[in-house]
Amino acid sequence: MINLTIVEALKKLKSREISATELTRAYLKRIEKYGNKLNCYITQTPERALSDAEESDKRYANGNTLPLDGMPIAMKDLFATNGIRTTAASRMLENFVPQYESTISQKFIDAGTVLLGKSNLDEFAMGTFSKTSYFGAPVNPWQIEKHLTAGGSSGGSTSAVASGLAIAATGTDTGGSIRFPCAITGLVGMKPTYGLCSRWGCVAFASSLDTPGPIARTVDDTALLLSVMAGHDDKDSTSAPNAKFEFDGAVKPILGDGKKLRIGIIKEFNDVQISTDMKNLFEKRIADLKSLGAEIVEVSIPNILDALAAYYIIAPAEASSNLARYDGMRYGLRVEGIDLEDK
């Protein structure tokens, strides 16, 4: 059952071939077997998961199903979950238990999902390999023998989904924290347009860049997740006024609407040094798109190579402001010592 996509699992649940409880138990059994080895969860919630699954089965029996009813998911431990600790992978918040629910996690509750647990990440989502987590780094299931990274900062989410320890997961992307870990674990993830998904109740890193987004194994599954996550939120001042994303049951093929797809290739990246393997893969993907009838055009973004430098001005400045509250006096862990270096 853990090999089912969301689309496939929903069909089997609706036809009563399987139950939400059976599906959930299959994932919990796998978590029990591999969870500690992969370190993809900071907090596991098996009792909550079985309770959620039982409610889903009741809705399937009554014909009152919700969009993602019975889907066992991992919630990145950056989203506040009412009554369940939310650590942001930091010692500072090791025992923090929110008394409120983030907008994104509430949307998934309202969609009928089953919460398997809170997934690991870089501390406060600051990192590229999830190595800065106070709880240790999650492991890439495709490279478990070598104990290699699942990427970051959403490395726990990608490790869980790629290993079959969740059917899908949430992530956040500030400078690649969904896209990079998905790329190296063979998953589909995206950074939605800023403002499409609410940031309310999500522990802040860089407020003008942070973007919640979906992680799954297929494009259709990812689109289905995004349709639940997207939407305007009055509690988030940066939420787009008309934010929405509608999923009509299947993502259309590249040329499915009869229009010719135009894909831009950024000219300034031609001189960027990358490995031969990556260059060959990139060229192969372009050839694949051309074979499907897509039009490839060269575009110029003159300042694109300055983007990283701009990011490293904006992100640390906003992080400094956002994390100033964790001073050990008014909020967060207090460590006694003589000075800042004394532990």
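**D233 and its surroundings**

Tutor: The side chain of D233 makes a polar contact with the side chain of T103, at 2.6 Å. A polar contact is a pair of N or O atoms within 3.5 Å; within protein, one must be able to donate a hydrogen and the other to accept it, and residues adjacent in sequence count only if both atoms are side-chain atoms. This is a predicted model: local features need pLDDT of at least 70, side-chain atom pairs count only at pLDDT 80 or more, and totals for chains, interfaces and linings use all residues. Residues are numbered from 1 along each chain as its sequence is written, and side-chain values use heavy atoms, with hydrogens and water left out.

Student: Is D233 buried or exposed?

Tutor: D233 is buried, because its relative accessible area is 7%. Buried means under 20%, exposed over 50%, partly exposed in between, with a 1.4 Å probe and protein chains only.

Student: Where in the fold is D233 found?

Tutor: In the loop between α7 (219-229) and β7 (262-266). Helices (H or I, at least four residues) and strands (E, at least two) are DSSP runs, numbered from the N terminus. The C-alpha atoms of D233 and I104 are separated by 10.0 Å, and the two residues are 129 apart along the chain.

Student: On to α4. Which of its residues are buried?

Tutor: T103, I104, S105 and F108, in a helix that runs over residues 103-110. The buried residues of α4 pack against β2 (72-76), β4 (168-173), β6 (211-216) and α7. Just after α4, G112 takes a positive phi of about 90 degrees.

Student: Now cavities. How many of 30 Å³ or more does the structure hold?

Tutor: One. On a 1 Å grid over the protein atoms alone, a cavity is a set of points where a 1.4 Å probe fits but cannot get out, and a pocket is an open set with protein on both sides within 12 Å along at least five of seven lines; lining residues have an atom within 4 Å of a point. Grid points are joined across faces, edges and corners, and a volume is the space filled by probe spheres set on the points.

Student: Which element gives the largest share of the lining of the largest cavity?

Tutor: α4, with three residues. The lining includes S105, F108 and I109, along with R48, D52 and E101.

Student: And the largest pocket, what is its volume?

Tutor: About 600 Å³. It is lined by 13 residues, and I274, M278, K279, F282 and E283 lie nearest its centre. Helix α8 supplies the largest share, six residues.

Student: How much space lies in the second largest pocket?

Tutor: About 490 Å³. Of the 21 residues that line the second largest pocket, G175, G176, L308, Y311 and Y312 are the closest to its centre. Helix α9 (residues 307-322) gives the largest share of that lining, eight residues.

Conventions:
Contact means heavy atoms within 4.5 Å.
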